[in-house]
Amino acid sequence: MTRSDLVEELAARFSQLTHRDAEHAVKTLLDAMSDTLVRGNRIEIRGFGSFSINRRPPRMGRNPRSGESVAIPEKRVPHFKPGKALREAVDARTGELLKVTYSG
């Protein structure tokens, strides 16, 4: 699902929202989540999952073309951990889809 798909889904589910309002709502939500992660804070959405920042320590890598060693600096990367309800829902729905696919 892309950002524009999300806007379309939101506008379709809530008839009182115009396409522009749905677009603004999605942008506001994603911006708020990004800002929270940039500040180093954690986001927890019960039943869905949590977003946090993982630290990747600096390390030595190798340039595949020349074989020379390269210092790779420390990085902070976003990490998503699905909640129990989401994991179970995905597992159940995937199981249903596989049964339909293989039984036909």
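Me: How many Å separate the centres of domain 1 and domain 2?
Reply: The centres are 22 Å apart, taken over C-alpha atoms. The model is predicted, so to speak of local features takes pLDDT of at least 70 and side-chain atom pairs need pLDDT 80 or more, while totals for chains, interfaces and linings use all residues. Residues are numbered from 1 along each chain as its sequence is written, and side-chain values use heavy atoms, without hydrogens and water.

Me: Where are the domain bounds?
Reply: Domain 1 is 1-39 and domain 2 is 40-103, with bounds from an automatic or database domain assignment.

Me: And how much area do they bury between them?
Reply: About 580 Å², 70% of it on carbon and sulfur atoms. Buried area is the accessible area (1.4 Å probe) lost by two parts on being put together, summed over both.

Me: Switching to helices: at what angle do α1 and α2 pack?
Reply: Helix α1 (residues 3-13) and helix α2 (residues 19-38) pack at about 125°, axes 8 Å apart. Helices here are DSSP runs (H or I, at least four residues). Axes are lines fitted to C-alpha atoms over the stretch in contact, and angles run from 0 to 180 degrees between N-to-C directions.

Definitions and conventions:
Helix = DSSP H or I, 4+ residues; strand = E, 2+ residues; numbered from the N terminus.
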